[in-house]
Amino acid sequence: MKNCNEVKKVLISAQEIQIKVEDLAKNVTRDYAGKRPLVVGVLKGAWIFLADLLRKAELDLDVDFICVSSYGNRTYSSGKVDVLKDLTMECRGRDVLLVEDIIDSGITLSHIKELLFFHGAKSVEIAALLSKPSRRKVSIDVKYLGFEIPDEFVVGYGMDYQERFRTLKDICILNEEVYKR
Ligand code: PRP
C-alpha cells in the first residue's frame, strides 16, 4: 500500500513523522516523570500515533481508549459527538494525557476533555499529531502538537477515508476521484 495509486500527494512522510514523534515523546517523558499518567487514545484514528509515541516515551503509565464518532462516512464533522466506547479505567484523580490523531473543529476533544473533568480527572493535557487551525470552531489548548496542516482531507498513519488507508505509513492526500465513488 506504500505508493497506492489513489494517493495524490504525500503531505508528511513516514520519516518526518517519526522525527516529530520522537521529539514529542521526549517532552511527554520530561513532563510526566514520576507521575504515572493515564494515557487515553481516541479511537480509532489515534492508535498508530499512540503506539509510536508511548514506545518512544520512557514512562510508567496506564493506557485506556475511548471511541467517539462525529464524522461517520463524511469528510466533515457533524458537530455531534457520540461515545461509542467509554473508558474502562477510573480517571478520578489522574493526570490524563489525551492522544488524538487530528484536530479539526476541536469539538471532539473539547467534548472528551469535559467528560474527563466531569469524572474527576486531576489534569487533562492533549497530544495531537495534526491540527487544522483554519477549521477550528472551539478553542483547544494543545500541549504536544506535531504539525499544523492546511485544510485538506488527509489519510494514513491511523487516519481513514471510509475506513480505508489507515495503514499508509505516510500522511497523504487522496485523488479527488476517490471521493466521487
Ligand atoms: C476524527 C479524528 C478526531 C476528530 C477530529 O475522527 O480522529 O477524533 O475527527 O475532528 P474535530 O476536531 O472536528 O472534532 P473520526 O470521527 O473521523 O473517527 P476515527 O478516529 O474513527 O477515524
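Me: How many helices and strands does the chain have, and in what order do the elements run?
Reply: The model is predicted. Its chain holds four helices and nine strands. Read from the N terminus, the order is β-α-β-α-β-β-β-α-β-β-β-β-α.

Me: How does the radius of gyration of the chain compare with the globule rule?
Reply: The C-alpha trace spans about 50 × 35 × 25 Å along its principal axes. For 181 residues the globule rule gives 16 Å. The chain is close to that, so it is as compact as a globular protein of that length. Its radius of gyration is 16 Å.

Me: What share of the contacts with a separation of 6 or more joins residues 24 or more positions apart?
Reply: A contact here means heavy atoms within 4.5 Å. Among the contacts with a separation of 6 or more, residues 24 or more positions apart account for 66%.

Me: How far apart are the centres of the positive and negative side chains?
Reply: The chain carries 28 positive side chains and 28 negative ones. The centres of the two sets are separated by 1 Å.

Me: How many disulfides are there, and which cysteine sulfur is nearest to that of cysteine 67?
Reply: A disulfide needs two cysteine sulfur atoms within 2.5 Å. The search of the whole structure finds zero disulfides. For cysteine 67, the nearest cysteine sulfur is 17 Å away, and it belongs to cysteine 91.

Me: Is cysteine 172 buried or exposed?
Reply: Buried means under 20% relative accessible area. Cysteine 172 has a relative accessibility of 2%, so it counts as buried.

Me: Tyrosine 157 and glutamine 162 have a positive phi. Is glutamine 162 buried or partly exposed?
Reply: Most residues other than glycine have a negative phi. Tyrosine 157 has a phi of about 50°, and that of glutamine 162 is near 50°. Tyrosine 157 lies in the loop between β8 (154-155) and β9 (171-174) and is buried at 4% relative accessible area. Glutamine 162, found in the loop between β8 and β9, has 40% relative accessibility and so counts as partly exposed.

Me: Which residues does aspartate 64 touch, leaving out those up to four places away in sequence?
Reply: Aspartate 64 belongs to strand β3 (residues 62-69). Its relative accessible area is 4%, so it is buried. Beyond four places in sequence, it touches Leu38, Val39, Val40, Gly41, Lys85, Leu87, Thr88 and Met89.

Me: Against which elements do the buried residues of α2 pack?
Reply: The buried residues of α2 are Ile48, Phe49, Leu50, Asp52, Leu53 and Leu54. In an α-helix, residues three or four places apart point the same way. The buried residues of α2 pack against α1 (14-32), β2, β3, β5 (95-103) and β6 (123-131).

Key. Residues are numbered from 1 along each chain as its sequence is written. This is a predicted model: local features need pLDDT of at least 70, side-chain atom pairs count only at pLDDT 80 or more; totals for chains, interfaces and linings use all residues. Side-chain values use heavy atoms; hydrogens and water are left out. Helices (H or I, at least four residues) and strands (E, at least two) are DSSP runs, numbered from the N terminus. The radius of gyration is taken over C-alpha atoms; the globule rule is 2.2 Å times the number of residues to the power 0.38. Lys and Arg count as positive and Asp and Glu as negative; His and the chain ends are not counted. The place of a charge is taken as NZ of Lys, CZ of Arg, CG of Asp or CD of Glu. Buried means under 20% relative accessible area, exposed over 50%, partly exposed in between (1.4 Å probe, protein chains only).
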